Amino acid sequence: MTDFDPANFANVSPKEFAQLVKSTPDDKIAQVMSGESRGKILSEVFGRMPSLFRADRAGSTNAVIHWNVTGRADGGTDTYEIVIEDGACAVSDAPARDPKLSLTMGPVDFLKIVSGGGNPVMMFMTGKLKAKGDLGLAANIANLFDIPKA
(Lines give C-alpha, C1' and ligand atoms only; values in the text may rest on other atoms or scores of the structure.)
Protein backbone atom coordinates (compact mmCIF):
# COMPACT_ATOMS: atom_id res chain seq x y z
CA MET A 1 0.00 0.00 0.00
CA THR A 2 1.55 3.28 -1.05
CA ASP A 3 -1.33 5.74 -0.79
CA PHE A 4 -2.76 7.17 2.41
CA ASP A 5 -6.12 5.51 1.75
CA PRO A 6 -8.24 4.99 4.88
CA ALA A 7 -10.22 2.24 3.14
CA ASN A 8 -7.17 0.01 3.48
CA PHE A 9 -6.23 0.76 7.10
CA ALA A 10 -8.09 -2.19 8.56
CA ASN A 11 -5.97 -4.50 6.43
CA VAL A 12 -2.52 -3.15 7.31
CA SER A 13 -0.27 -4.04 10.21
CA PRO A 14 0.73 -1.36 12.73
CA LYS A 15 4.21 -1.32 11.17
CA GLU A 16 2.80 -0.80 7.65
CA PHE A 17 0.59 1.98 9.02
CA ALA A 18 3.65 3.62 10.62
CA GLN A 19 5.52 3.46 7.30
CA LEU A 20 2.52 4.95 5.52
CA VAL A 21 2.29 7.90 7.94
CA LYS A 22 6.05 8.47 7.68
CA SER A 23 6.02 8.48 3.86
CA THR A 24 2.95 10.70 3.44
CA PRO A 25 3.42 14.50 3.34
CA ASP A 26 1.88 16.38 6.29
CA ASP A 27 -0.44 18.39 4.04
CA LYS A 28 -1.89 15.17 2.57
CA ILE A 29 -2.46 13.72 6.05
CA ALA A 30 -4.11 16.98 7.15
CA GLN A 31 -6.36 16.91 4.08
CA VAL A 32 -7.49 13.31 4.72
CA MET A 33 -7.94 13.98 8.47
CA SER A 34 -10.24 16.94 7.79
CA GLY A 35 -12.44 14.89 5.48
CA GLU A 36 -15.03 12.16 5.78
CA SER A 37 -12.42 9.45 6.48
CA ARG A 38 -11.34 11.04 9.79
CA GLY A 39 -13.75 9.07 11.98
CA LYS A 40 -12.76 5.77 10.37
CA ILE A 41 -9.05 6.50 10.85
CA LEU A 42 -9.48 7.53 14.50
CA SER A 43 -11.67 4.48 15.22
CA GLU A 44 -9.09 2.19 13.63
CA VAL A 45 -6.16 3.72 15.54
CA PHE A 46 -7.91 3.80 18.91
CA GLY A 47 -9.43 0.37 18.28
CA ARG A 48 -5.92 -1.09 18.10
CA MET A 49 -4.69 0.45 21.36
CA PRO A 50 -5.91 -2.34 23.68
CA SER A 51 -4.01 -4.93 21.59
CA LEU A 52 -0.85 -2.77 21.65
CA PHE A 53 -1.09 -2.19 25.42
CA ARG A 54 1.84 -3.58 27.41
CA ALA A 55 0.42 -4.72 30.75
CA ASP A 56 3.89 -5.95 31.74
CA ARG A 57 5.16 -2.34 31.59
CA ALA A 58 2.11 -0.75 33.20
CA GLY A 59 2.68 -2.26 36.63
CA SER A 60 0.14 -0.77 39.01
CA THR A 61 -0.72 2.14 36.69
CA ASN A 62 -4.38 3.08 36.93
CA ALA A 63 -5.32 6.09 34.83
CA VAL A 64 -7.97 7.70 32.70
CA ILE A 65 -6.45 9.51 29.70
CA HIS A 66 -8.36 11.74 27.31
CA TRP A 67 -6.93 12.15 23.81
CA ASN A 68 -8.28 15.30 22.16
CA VAL A 69 -7.61 15.41 18.41
CA THR A 70 -8.34 18.85 16.98
CA GLY A 71 -8.85 19.80 13.35
CA ARG A 72 -12.27 18.43 12.52
CA ALA A 73 -13.83 19.94 9.38
CA ASP A 74 -16.42 21.72 11.56
CA GLY A 75 -13.65 23.15 13.76
CA GLY A 76 -14.40 20.71 16.55
CA THR A 77 -12.35 18.15 18.44
CA ASP A 78 -12.73 14.38 18.76
CA THR A 79 -12.10 13.04 22.26
CA TYR A 80 -11.31 9.42 23.03
CA GLU A 81 -10.94 7.99 26.52
CA ILE A 82 -8.38 5.36 27.42
CA VAL A 83 -8.84 3.65 30.76
CA ILE A 84 -5.89 1.71 32.14
CA GLU A 85 -6.70 -0.29 35.24
CA ASP A 86 -6.00 -3.71 36.68
CA GLY A 87 -3.54 -4.51 33.89
CA ALA A 88 -6.00 -3.86 31.08
CA CYS A 89 -6.67 -1.08 28.59
CA ALA A 90 -10.11 -0.06 27.37
CA VAL A 91 -10.99 2.63 24.83
CA SER A 92 -14.18 4.64 24.37
CA ASP A 93 -15.20 7.42 22.00
CA ALA A 94 -17.65 8.65 24.65
CA PRO A 95 -15.56 9.92 27.58
CA ALA A 96 -17.37 9.34 30.86
CA ARG A 97 -14.72 9.75 33.56
CA ASP A 98 -12.54 12.59 34.82
CA PRO A 99 -9.09 12.23 33.26
CA LYS A 100 -5.84 11.96 35.17
CA LEU A 101 -4.21 13.21 31.97
CA SER A 102 -5.62 15.11 29.02
CA LEU A 103 -3.63 15.32 25.76
CA THR A 104 -4.55 17.72 22.97
CA MET A 105 -2.94 17.77 19.53
CA GLY A 106 -3.66 18.24 15.85
CA PRO A 107 -4.43 15.27 13.59
CA VAL A 108 -1.03 15.16 11.86
CA ASP A 109 0.86 15.20 15.16
CA PHE A 110 -1.54 12.60 16.59
CA LEU A 111 -0.85 10.18 13.75
CA LYS A 112 2.90 10.77 14.07
CA ILE A 113 2.80 10.00 17.80
CA VAL A 114 0.74 6.82 17.48
CA SER A 115 2.84 5.56 14.58
CA GLY A 116 6.15 6.11 16.37
CA GLY A 117 7.22 8.89 14.01
CA GLY A 118 6.84 11.79 16.42
CA ASN A 119 8.67 12.71 19.60
CA PRO A 120 5.99 13.59 22.18
CA VAL A 121 8.47 15.42 24.43
CA MET A 122 9.63 17.66 21.59
CA MET A 123 6.03 18.23 20.49
CA PHE A 124 5.17 19.25 24.06
CA MET A 125 8.15 21.62 24.23
CA THR A 126 7.23 23.25 20.91
CA GLY A 127 3.53 23.56 21.79
CA LYS A 128 2.25 21.04 19.22
CA LEU A 129 1.13 18.72 22.03
CA LYS A 130 -0.64 20.08 25.08
CA ALA A 131 -0.78 18.00 28.25
CA LYS A 132 -2.89 18.78 31.29
CA GLY A 133 -2.79 16.77 34.49
CA ASP A 134 -0.24 14.08 35.37
CA LEU A 135 2.84 15.06 33.34
CA GLY A 136 4.79 12.07 34.69
CA LEU A 137 2.18 9.82 33.12
CA ALA A 138 2.42 11.85 29.90
CA ALA A 139 6.17 11.31 29.78
CA ASN A 140 5.73 7.55 30.29
CA ILE A 141 2.70 6.90 28.07
CA ALA A 142 4.70 5.71 25.05
CA ASN A 143 6.23 2.96 27.22
CA LEU A 144 2.78 1.56 27.96
CA PHE A 145 2.14 0.68 24.32
CA ASP A 146 4.02 -1.38 21.74
CA ILE A 147 4.27 1.44 19.21
CA PRO A 148 5.67 0.31 15.87
CA LYS A 149 8.54 2.22 14.32
CA ALA A 150 8.53 2.93 10.62
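Predicted model: local features only at pLDDT ≥ 70, side-chain atom pairs only at ≥ 80, totals over all residues.
Two residues are taken to be in contact when their heavy atoms lie within 4.5 Å. On that basis, 67% of the contacts in the protein chain with a separation of 6 or more join residues 24 or more positions apart.

The protein chain holds seven helices and five strands. Read from the N terminus, the order of these elements is α-α-α-α-β-β-β-β-α-α-β-α. The radius of gyration is 15 Å, close to the 15 Å that the globule rule gives for 150 residues, so the protein chain is as compact as a globular protein of that length. Its C-alpha trace spans about 40 × 30 × 30 Å along the principal axes. Of the 150 residues, 39% count as buried.

Attention now turns to a pair of helices. Two packed helices are described by the angle between their axes and the distance between the axes. For helix α2 (residues 26–33) and helix α5 (residues 107–114), the axes come within 9 Å and cross at roughly 110 degrees. Angles of 65 to 115 degrees count as roughly perpendicular, so α2 is roughly perpendicular to α5. On the α2 side, the contact is made by Asp26, Ile29, Ala30 and Met33, while α5 contributes Pro107, Val108, Leu111 and Lys112. Sorted by class, the contact of α2 with α5 has six nonpolar residues, two charged residues and no polar ones. An α-helix has 3.6 residues a turn, so residues three or four places apart point the same way.

Helix α5 also deserves a look on its own. Seven of its eight residues are buried, so α5 is largely enclosed by the rest of the structure. These buried residues are Pro107, Val108, Asp109, Phe110, Leu111, Ile113 and Val114. Just after α5, glycine 116 takes a positive phi of about 80 degrees.

Most residues other than glycine have a negative phi, and most peptide bonds are trans. Aspartate 86 sits in the loop between β2 (78–85) and β3 (88–92). Its relative accessibility is 72%, and because exposed means over 50%, aspartate 86 counts as exposed.

Proline 14 belongs to helix α1 (residues 14–23) and is partly exposed, with a relative accessible area of 29%. Leaving aside residues up to four places away in sequence, proline 14 touches Arg48, Leu52 and Pro148. Between proline 14 and aspartate 56 there are 42 residues in sequence and 20 Å in space, C-alpha to C-alpha. Serine 43 is part of helix α3 (residues 38–52). With a relative accessibility of 40%, serine 43 counts as partly exposed. Serine 43 and serine 92 are 49 residues apart in sequence, and their C-alpha atoms are 9.5 Å apart in space.

Key: Residues numbered from 1 in each chain as written. Heavy atoms only, no water. Axes fitted to C-alpha atoms, helices over the stretch in contact; angles between N-to-C directions. Helix = DSSP H or I, 4+ residues; strand = E, 2+ residues; numbered from the N terminus. Parallel < 35°, antiparallel > 145°, perpendicular 65-115°, else oblique. Nonpolar A, V, L, I, M, F, W, Y, C, P; charged D, E, K, R; others polar. Rg over C-alpha atoms; globule rule 2.2 N^0.38 Å. Buried < 20%, exposed > 50% of the residue type's maximum accessible area, 1.4 Å probe, protein only.
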